[in-house]
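Work through the two exercises below with the model open. Each task is followed by a solution in steps.

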Amino acid sequence: MGSRALPEMAAKWQKTMSWQPDAGHLLEFQSLYEQILAGNQQLNLTRIVEPKEFWEKHLWDSLRGIAPALLSDLLPKELETVEIIDIGTGAGFPGLPVAIARPDWQITLLDASGKKIDFLKSLIDNLGFENVTAITARAEEIGQQPQYRSRYDLALARAVAPASVCAEYALPLLKVGGLAVLYRGHWSDEETESLSRTAKKLGGLIDFVERFTTPLTRSLRHSLYLRKIAPTPEKFPRPVGVPGRKPL
Ligand code: SAM
């Protein structure tokens, strides 16, 4: 397994996000990859296991969503610590690559699956992450709990639910001024209009939408950036399962 080295892709990182991993980041990416491959033998974590595919679909894709924030022009400058939540993290994406790229940010990995979170807790120990914690819960539950509600500067959600459902999960967890990043594949202007109406009900708005292709397979992607501009009404998020069954 150790022979499955991830590609470095320094020029691709630089060209696509004006950022490059240093030697420490590269070692951590490789360790993360090996832990996921090992975990995959017990748990169904991901079908993306080939080195180049893992690089593009898990590492590059995870970091592309926060590229504007990596460059630090999206978050308030006076923040001492940036608190991030990765909603429906699965095997740790996009949260773990973000934790590697930004060891100065505090990341909470959230998933409803206890098995996945148990795996992530041992991975966090094995890799010695000091800026990552993992919790088993539904986004709808913690969105109503005072220790989590309105706590985060950045909320990430990739491949979790339709965008309006992700908005109902994410916006209650953000501070006013915070940003939700929704990772999407295809996306249309009509969907932007409908998501705008949903975001408004939750105290947010769509700040901007980025459209791009992945650097190796040229697959289409969109990153949606939702800004929280007012407190979310108390009735949101609705009880577990309701956002998915009756999207706003
Ligand atoms: N974000 C990861 C990725 O992009 O590789 C995992 C995506 S996986 C398809 C979706 C994950 O979201 C599952 O692990 C599931 O347990 C979790 N999930 C779905 N709804 C959730 C909710 N309401 N609260 C917490 N986790 C949720």
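**Exercise 1. The ligand site**

How many Å separate a polar side-chain atom of arginine 158 from an oxygen atom of the ligand?

Solution. The model is a predicted one.

Step 1. Start with arginine 158: a polar atom of its side chain is 2.6 Å from a ligand oxygen.

Step 2. On its own the ligand exposes 600 Å², and the protein buries 78% of that.

Step 3. In lysine 116, a side-chain N or O atom lies 3.0 Å from an oxygen atom of the ligand. Alanine 139 uses a backbone N or O atom instead, 3.0 Å from a nitrogen atom of the ligand.

Step 4. List the shell. The ligand is surrounded by 15 residues, with Gly88, Phe93, Asp111, Ala139 and Arg158 the closest. Sorted by class, the shell holds 7 nonpolar, 3 polar and 5 charged residues.

**Exercise 2. A helix pair**

Describe how helix α1 packs with helix α3, and state which residues make the contact.

Solution. 

Step 1. Locate the helices: α1 spans residues 10–17 and α3 spans residues 51–65.

Step 2. The helices pack at an angle of about 35 degrees, and their axes are 11 Å apart. Their crossing is right-handed.

Step 3. Name the contact residues. Helix α1 contributes Lys12, Trp13, Thr16 and Met17, while α3 contributes Trp55, Leu59, Trp60, Leu63 and Arg64.

Step 4. Classify them. The contact comprises 6 nonpolar residues, 1 polar and 2 charged.

Definitions and conventions: Residues are numbered from 1 along each chain as its sequence is written. This is a predicted model: local features need pLDDT of at least 70, side-chain atom pairs count only at pLDDT 80 or more; totals for chains, interfaces and linings use all residues. Side-chain values use heavy atoms; hydrogens and water are left out. Axes are lines fitted to C-alpha atoms, for helices over the stretch in contact, and angles run from 0 to 180 degrees between N-to-C directions. Helices (H or I, at least four residues) and strands (E, at least two) are DSSP runs, numbered from the N terminus. A crossing is left-handed if the near helix is turned anticlockwise from the far one by less than a right angle, and right-handed if clockwise. Contact means heavy atoms within 4.5 Å. Ala, Val, Leu, Ile, Met, Phe, Trp, Tyr, Cys and Pro count as nonpolar, Asp, Glu, Lys and Arg as charged, and the others, Gly among them, as polar. A residue is near a molecule or strand if one of its heavy atoms lies within 4 Å of it. A polar contact is a pair of N or O atoms within 3.5 Å; within protein, one must be able to donate a hydrogen and the other to accept it, and residues adjacent in sequence count only if both atoms are side-chain atoms. Accessible areas come from the Shrake-Rupley method with a 1.4 Å probe; for residues, only the protein chains shown count as cover.
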